[in-house]
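Here is a short tour of one protein model, written for someone meeting it for the first time. Take a look at the sequence and the structure before reading on.

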Amino acid sequence: MKRETGSYTPLVPKRPLTVTALYTVHYFEYSGSYAFPGESHDFWEFLYVDKGILRVIAGERSCDLSSGQIIFHEPGEFHSLSAVGVPPDLVVVSFACCDACMDVFRGLVTTVGVEERTLLARIVEESAAAFSTPLNLPYTTMLERREDAPFGGEQLICAALEEFLLRLLRRRSRHDPSRMPAGIRDETVARVSAYLEQHLDMPLTLEDVCRDTLVGRSQLQKLFHAETGGGVMEYFSGLKIRAARRMIREGRLNFTQIAARLGYQSVHYFSRRFHLSTGMTPSEYARSVKMLAELPGTSSDDSAHNG
């Protein structure tokens with residue numbers, strides 16, 4: 001049966017969150033002595049710790065962030081940061097968004113899950129292709145477009161950034177099974193995350209983690225599931241694999257040495273875990289375009305930050 005075109009009624013999609021401008025996209029690799037004295041600006045910024053431990057002062061509060069954690073700075077909030085022992089690698093993105101739902105991000109410190117980390121990687125990768133401004137260039141005040149930038153790159157960056165924010169908003173709106181105040185949840189997850197980061201060379205069990213951090217098994221699992229979408233040991237395994245990928249990129253250790261450095265019982269077990277996590281064996285990753293895409297574009301600068 002033929003239907004008249006005019007009988008269709010369009011649905012205009014709701015867009016509760018829209019990124020209207022990009023100011024900076026950074027991936028920094030710093031030394032253990034790194035410190036940034038601080039700044040404030042009239043747009044949003046988040047800082048994600050990809051490796052290491054970072055002390056952040058935001059307004060009148062201070063907190064230590066470990067690998068996998070993120071902090072948001074609202075427009076006008078003064079913030080400064082410094083390394084705590086382990087040299088940090090950071091993703092820093094600053095942007096404009098005036099939608100009311102951004103209020104949820106005021107003062108937010110949380111842990112990023114696997115899907116959200118994938119979106120962060122996409123933002124970094126697309127930014128490296130779209131902009132000639134080095135991602136580790138401190139004190140960037142304007143992103144410069146590449147003449148040969150891939151078609152639609154800036155839109156893909158904003159799309160990934162919007163999805164990243166929307167996924168965090170969805171997760172924050174879920175019922176929290178632990179029924180703990182947000183500050184206590186964040187402090188516990190941060191403390192346990194820091195413990196895991198400092199013990200990547202050990203074959204920890206869940207019982208080890210609970211005993212050493214003085215958190216009950218059930219409570220700890222609920223906290224990590226609420227914050228990351230997965231369990232404690234899944235998070236720990238992800239830390240190990242990210243560290244392994246970094247070591248492979250650095251090229252200073254062979255696979256047997258990497259396996260031993262990360263507490264795996266054998267190189268064969270390490271290879272199986274790596275394949276389960278990445279879809280590649282360590283050898284395949286070492287030869288892959290993916291590894292090349294994850295290499296820093298230029299040498300890191302330890303002296304400053306465009307916080």
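Which residues line the largest cavity? They are Asp50, Lys51, Ser67, Glu197, Leu200, Leu239, Arg242, Ala243 and Arg246.

Before going further, a word on the ground rules. This is a predicted model, in which local features need pLDDT of at least 70, side-chain atom pairs count only at pLDDT 80 or more, and totals for chains, interfaces and linings use all residues. Residues are numbered from 1 along each chain as its sequence is written, and side-chain values use heavy atoms, with hydrogens and water left out.

**The cavity**

A search of the whole structure finds one cavity of 30 Å³ or more. β3 (44-51) and α6 (232-250) are the elements that give two or more residues to the lining, and α6 provides the largest share, four residues. By type, the lining divides into three nonpolar, one polar and five charged residues.

On a 1 Å grid over the protein atoms alone, a cavity is a set of points where a 1.4 Å probe fits but cannot get out, and lining residues have an atom within 4 Å of a point. Helices (H or I, at least four residues) and strands (E, at least two) are DSSP runs, numbered from the N terminus.

**The helix α6**

α6 has 19 residues and reaches 27 Å from its first C-alpha to its last, close to the 27 Å expected at 1.5 Å a residue; that expected span is 1.5 Å times one less than the number of residues. Of its 19 residues, 15 are buried (under 20% relative accessible area, with a 1.4 Å probe and protein chains only), so α6 is largely enclosed by the rest of the structure. Gly251 follows α6 and has a positive phi, near 75°.

**Aromatic rings**

The whole structure holds twelve aromatic pairs (ring centres within 6.5 Å; planes under 30 degrees apart are stacked, over 60 edge-to-face and the rest tilted). The rings of Tyr264 and Phe270 have their centres 5.2 Å apart and their planes at 50°, so this pair is tilted. Both Tyr264 and Phe270 are buried. The charged end of Lys240 sits over the ring of Tyr264, 5.3 Å from its centre; for this, NZ of Lys or CZ of Arg must be within 6 Å of the ring centre and within 35 degrees of the ring normal. Elsewhere, Phe46, Phe72, Phe95, Phe105 and Phe164 form one aromatic cluster.

**Residues in loops**

Most residues other than glycine have a negative phi. Tyr139, in the loop between α1 (114-130) and α2 (153-173), has a positive phi near 60°. Leu214 also has a positive phi, near 60°, and is placed in the loop between α4 (206-213) and α5 (217-228).

Tyr34 is in the loop between β1 (21-29) and β2 (35-39), and its C-alpha is 5.4 Å from that of Ala83, 49 residues apart along the chain.

| Residue | Relative accessible area | Class |
|---|---|---|
| Tyr34 | 2% | buried |
| Met202 | 36% | partly exposed |
| Tyr139 | 47% | partly exposed |
| Leu214 | 77% | exposed |

How values were computed:
On a 1 Å grid over the protein atoms alone, a cavity is a set of points where a 1.4 Å probe fits but cannot get out, and a pocket is an open set with protein on both sides within 12 Å along at least five of seven lines; lining residues have an atom within 4 Å of a point. Grid points are joined across faces, edges and corners, and a volume is the space filled by probe spheres set on the points. Ala, Val, Leu, Ile, Met, Phe, Trp, Tyr, Cys and Pro count as nonpolar, Asp, Glu, Lys and Arg as charged, and the others, Gly among them, as polar. Rings of Phe, Tyr and Trp (its six-membered ring) pair if their centres lie within 6.5 Å; planes under 30 degrees apart count as stacked, over 60 as edge-to-face and the rest as tilted. Buried means under 20% relative accessible area, exposed over 50%, partly exposed in between (1.4 Å probe, protein chains only).
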